[in-house]
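Here is a walk through one chain, written for someone who would rather look at the fold than at a list of numbers. Keep the viewer open while you read.

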Amino acid sequence: MSKGFDKYKVSSEYDVIDFTKIAFAEREKEIISNTQKIDTKNSLYISSSAKENIFSHIGWGKDISSNSVEQGGLLIGHSYKNRSDNSIIGHVEVAIPATTAKGSMTYLEFNHATWKMMMDKLDAINEATIERDLQIIGWYHTHPGRLSVFMSGTDMNTQRKMFSKEWQFAIVLNPQKQFWRAFNGRNAEECNGYMLSK
Ligand SMILES: [Zn+2]
């Protein structure tokens with residue numbers, strides 16, 4: 001058992017990996033989410049490889065036709081509860097883009113075919129790992145163009161229906177303005193967000 005952190009939903013007989021070693025080893029440079037000062041220790045860490053998955057999917061820093069509509073996908077990794085202060089910490093290890101989702105300027109739909117494609121991908125990723133216990137710890141989507149990054153009413157419905165656990169997260173990104181924010185739990189309360197780069 002790693003010291004200080006309880007891993008959620010441990011679904012294998014393997015030892016719990018030491019979160020502090022894997023995530024904080026990458027911490028040298030961080031892109032911090034666009035947050036005002038917020039009063040929570042809940043935090044989402046996005047690994048450098050997951051960041052690359054997301055940024056290439058959504059054309060981060062580019063203004064192109066593919067990212068002029070909403071895009072999104074799943075955040076895959078592990079969540080932890082810090083025993084000392086009960087804060088929730090998510091570590092995104094992989095992102096799965098919903099490449100077949102239909103997006104419009106203000107709406108993103110994950111239909112059945114999209115879900116199936118993403119689940120198949122998650123199965124394949126887990127089959128390729130020793131632990132096979134990567135979880136869906138949340139979702140990401142874009143608010144393109146002039147939109148600000150926040151959880152809309154539709155987004156809140158999605159959060160409550162599909163990602164309502166206290167260990168699940170959402171991130172909303174604007175690829176053109178290069179803003180992003182992270183949210184946590186059923187009520188999608190803003191939390192700290194860090195993109196890690198080695
Ligand atoms: Zn939205």
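Where pLDDT is low, the predicted coordinates should not be read in detail.

**The overall picture**

The chain holds four helices and eleven strands. Of its 198 residues, 38% count as buried. Take the contacts between residues at least 6 apart in sequence: 69% of them join residues at least 24 apart.

**The core**

The largest nonpolar core has 38 residues, and those with the most contacts inside it include Leu44, Leu75, Val92, Ala95 and Phe169. Among the elements that each supply at least two residues of this core are helix α2 (48-58) and the strands β4 (72-82), β5 (88-97) and β9 (169-174).

Look at α2 and you'll find Ala50, Asn53, Ile54, His57 and Ile58 buried. Seen down the axis of α2, these buried residues fall within an arc of 105 degrees, so they line one face of the helix. That buried set packs against β3, β4, β5, β8 and β9. Turned away from the buried side are the exposed residues Ser48 and Ser56. Just after α2, Gly59 takes a positive phi of about 60 degrees.

Helix α4 (residues 153-162) has Asp155, Thr158 and Gln159 buried. Around the axis they cover an arc of only 100 degrees, which puts them on the same side of α4. The buried residues of α4 pack against β9, and on the other side Gly153, Asn157, Arg160 and Lys161 are exposed.

**A look at Ile88**

Ile88 sits in strand β5. Is Ile88 buried or exposed? Ile88 has 23 C-beta neighbours inside 10 Å, so Ile88 counts as buried; the cut-off is 20 or more. Leaving aside neighbours within four places in sequence, Ile88 is in contact with Asn42, Ser79, Lys81, Glu166, Trp167 and Asn184. Ser43 is 45 residues from Ile88 in sequence, yet the two are 6.5 Å apart in space, C-alpha to C-alpha.

Strand β10 is mostly covered, with five of its six residues buried. β10 runs antiparallel to β9, joined by six bridges, and antiparallel to β11, joined by three bridges. Each hairpin has four residues between its strands. Ala182 in β10 is the bridge partner of Ile171, and Ala182 also has a bridge partner in β11, Cys191.

| Hairpin | Residue | Phi |
|---|---|---|
| β9 and β10 | Gln178 | positive, near 60 degrees |
| β10 and β11 | Gly185 | positive, near 80 degrees |

Definitions and conventions:
Residues are numbered from 1 along each chain as its sequence is written. This is a predicted model: local features need pLDDT of at least 70, side-chain atom pairs count only at pLDDT 80 or more; totals for chains, interfaces and linings use all residues. A nonpolar core is a set of buried Ala, Val, Leu, Ile, Met, Phe, Trp, Tyr and Cys residues joined through C-beta atoms within 7 Å. A residue is buried if 20 or more other C-beta atoms lie within 10 Å of its own, exposed if 12 or fewer, and partly exposed in between; C-beta atoms are placed from the backbone. The arc is that of the directions from the helix axis to the C-beta atoms. Two residues are in contact if their C-beta atoms, placed from the backbone, lie within 7 Å. Two strands pair if DSSP finds at least two bridges between them.
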